[in-house]
Amino acid sequence: MTLYDDHYCRWSYEQLLLQQPQIQFAGLWRQGYQHYIVCPTLSTAKAAGGEDLRLWFDKQCRVVTAPVKIVEQCPAGAERVPERTCEERARLAGAPRTRRDVLVDLGLALPPDFPPFTIDDPGTDVVFVTTRKLSDTEKSQVSSAYAEMGYGVQILFAVDPSRDPQNETFRFEFGQGDIDLLPSRRLPTKYSRDLRFLMEDDEEAWAASRERLFASSDSCATELLPVAWQHSRGLSCLVDATVFAPDDIRSQLCLYDTVLLALPLENSFEENCAALGVSSEELSRLVELGRVRILLPQAIDRYPLNWLAALAERAPKSILLSRRLAAATVADARNRVPLLYPPLSPVERHAMLHMLTDQASNLVGPARAADFVQFVYELGATWAGAEWSVSSRGAMGTSHLGIGAISSAVYQQVTGRDLRLELWSAAQKVEWAAALGAHVFPSSAGEYDESAACDLVAGIYGGGFVGSTRSRFTLSAVSDLLALSSKVDVVDLAKEFSSADIKRLRDLIDRISRENIDPDYLKDAIGRFNAEVRHYEKRPDLLKSVNVVGLMSAGLAAAGIVDPSIAHVVPLAGIMLGFVLNRVIDELPRHSAPGGRVIDFCNSLLTARANPDAVLVARARKDVGRIKRP
């Protein structure tokens with residue numbers, strides 16, 4: 001494939017198209033080295049903020065070195081410049097890059113076993129530096145990968161045995177907001193190969209799927225996930241412990257088969273593990289059991305690497321890194337809301353945006369046309385940087401691009417309040433959960449509670465039960481019902497509740513919470529339900545005390561069905577059958593939801609209170625009590 005060397009002119013033109021959709025343009029043209037953007041209405045055209053269009057383009061849009069300017073008429077003899085294809089945009093061909101961007105993108109393109117390298121940029125050329133001389137084949141690999149980037153500067157090769165790329169700093173010196181993903185090649189060698197393998201797999205999967213992801217609409221979120229994540233392990237919930245202290249994880253383990261945990265960052269790891277009610281070792285055990293799976297949406301060097309490296313050896317299939325999570329999020333978002341991440345060329349996107357701005361009054365009415373046009377501007381701005389944001393920042397790059405952008409724009413139009421940061425934060429976990437088929441537990445800290453924000457985003461996002469939110473009151477309800485506390489061994493609890501009781505208990509809690517939205521009403525409802533549980537606990541497992549086998553054998557003998565020659569065997573058989581029946585009564589509810597409902601219903605009838613749910617909770621509470629620490 002021959003790439004067009006445009007010196008960032010095409011990129012500058014596309015940014016203009018997407019950020020100024022109210023203006024009609026007539027293409028990008030070239031005459032020699034100079035490029036021209038034709039705008040027939042240039043004499044009267046204004047940027048979205050009211051500035052002179054040419055001034056805005058030169059100061060805020062055009063790459064400073066790009067030889068391109070806006071004109072009213074195409075110069076004679078100029079040739080039309082083709083726009084970048086969706087595939088080129090997906091791999092950021094022809095986009096401006098920093099030295100670090102070149103380093104990262106070459107790393108994505110070259111095989112994992114390629115010799116260590118670094119990049120020097122003396123100003124006129126890009127120098128590819130290795131500690132040993134490269135073979136002709138290796139140089140060809142580098143040159144091919146570099147050409148695919150559409151970078152207009154020559155690449156040279158140099159050998160410096162004294163250079164050690166591992167010792168070179170990847171982060172910017174003042175990089176508090178530097179959330180770009182760390183390449184696997186820059187992971188220190190002291191950490192396990194298993195962790196590096198996970199990072200390499202994440203990068204290879206991204207490099208293989210990004211063109212299809214952004215250039216077509218047939219991507220399936222599930223297919224973009226690792227094989228181990230493509231198959232459901234029952235219903236799951238997503239808990240974001242990245243920054244805010246989460247709730248005790250015991251309640252979620254009683255309600256869901258799997259907890260998808262966005263891991264706390266290193267600076268809050270121990271604190272947020274304590275909030276979860278677990279030690280770091282207990283969290284590892286929960287992951288090994290399959291009851292917890294780890295999400296790493298941020299750059300891996302922001303997490304506790306020693307703990308992660310050990311976990312990667314013990315449970316690598318339960319860790320999902322940022323790029324695969326981002327790919328699944330993008331695919332799922334587009335399938336739900338086609339306006340997000342459209343697989344269209346820049347010209348096609350501009351045509352759509354221009355139509356929306358031109359027809360705003362007809363679409364939403366004159367009174368709301370200005371607000372609608374502002375929303376279109378924001379949509380164009382997200383389209384302008386989507387590919388770069390997701391490629392550079394992975395799952396953290398989607399927060400302001402997808403449903404978060406739409407939700408914040410809608411909210412501001414209706415209320416006049418700008419809550420984009422809050423809605424972006426809520427949106428990213430709703431989108432992650434939807435892509436992974438999970439429920440969301442909103443974050444909270446002190447007086448801040450993002451439940452309302454998550455509910456708003458989930459309502460706009462749609463899609464049924466996945467991606468919908470669960471209130472913290474749900475957690476308090478299950479904690480009160482089962483008398484959960486930090487004294488309950490969390491690992492034993494995870495083993496005890498990996499059963500058919502989880503769904504029944506979740507349905508019960510959901511019903512109680514749904515019928516009692518107000519916290520005070522919920523507290524009263526829990527109190528009334530606990531009274532029923534205590535009533536049953538005074539006469540538990542009455543079904544065992546009913547001598548069903550004895551009644552059957554006596555009835556058979558009285559009816560003359562049992563042959564007198566074997567009548568003496570019936571009592572012994574009854575004892576054995578009774579033992580088996582008692583075992584069935586104990587174990588069946590743990591493995592079969594229908595069977596458990598039948599047994600609980602029978603037990604509830606024998607207590608003169610036909611509430612099988614009370615029997616379920618009593619049995620669960622007894623299990624919890626059995627695993628409490630002294």
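Is Leu92 buried or exposed? Leu92 is buried, with a relative accessible area of 7%; buried means under 20% relative accessible area, exposed over 50%, and partly exposed in between, for a 1.4 Å probe and protein chains only.

1. Basis of the note. This is a predicted model, in which local features need pLDDT of at least 70 and side-chain atom pairs count only at pLDDT 80 or more, while totals for chains, interfaces and linings use all residues. Residues are numbered from 1 along each chain as its sequence is written, and side-chain values use heavy atoms, with hydrogens and water left out.

2. Residues with positive phi. Leu92 is not a glycine, yet its phi is positive, at about 60°. Leu92 sits in the loop between helix H3 (86-90) and helix H4 (99-109); helices (H or I, at least four residues) are DSSP runs, numbered from the N terminus. Tyr8, also not a glycine, has a positive phi of about 70°. Tyr8 belongs to the segment before helix H1 (9-19). Tyr8 counts as buried because its relative accessibility is 15%.

3. Arg250. This residue is part of helix H7 (residues 249-255). Arg250 has 2% relative accessibility and therefore counts as buried. A polar atom of the Arg250 side chain lies 2.8 Å from the backbone oxygen of Val488. For reference, a polar contact is a pair of N or O atoms within 3.5 Å; within protein, one must be able to donate a hydrogen and the other to accept it, and residues adjacent in sequence count only if both atoms are side-chain atoms.

4. Cysteines. Zero disulfides are found in a search of the whole structure, a disulfide being a pair of cysteine sulfur atoms within 2.5 Å. Cys254 is buried, at a relative accessible area of 0%. Cys61 is also buried, at 6% relative accessibility.

5. The largest pocket. About 500 Å³ of space lies in this pocket. A pocket is an open set of points on a 1 Å grid over the protein atoms alone, where a 1.4 Å probe fits, with protein on both sides within 12 Å along at least five of seven lines; lining residues have an atom within 4 Å of a point. The lining comprises 21 residues, of which Gln298, Met396, Leu421, Ser425 and Gln428 lie nearest the centre of the pocket. Helix H16 (residues 420-436) gives the most to this lining, with seven residues. By class, the lining has ten nonpolar, six polar and five charged residues. Here Ala, Val, Leu, Ile, Met, Phe, Trp, Tyr, Cys and Pro count as nonpolar, Asp, Glu, Lys and Arg as charged, and the others, Gly among them, as polar.

Conventions:
Grid points are joined across faces, edges and corners, and a volume is the space filled by probe spheres set on the points. Helices (H or I, at least four residues) and strands (E, at least two) are DSSP runs, numbered from the N terminus.
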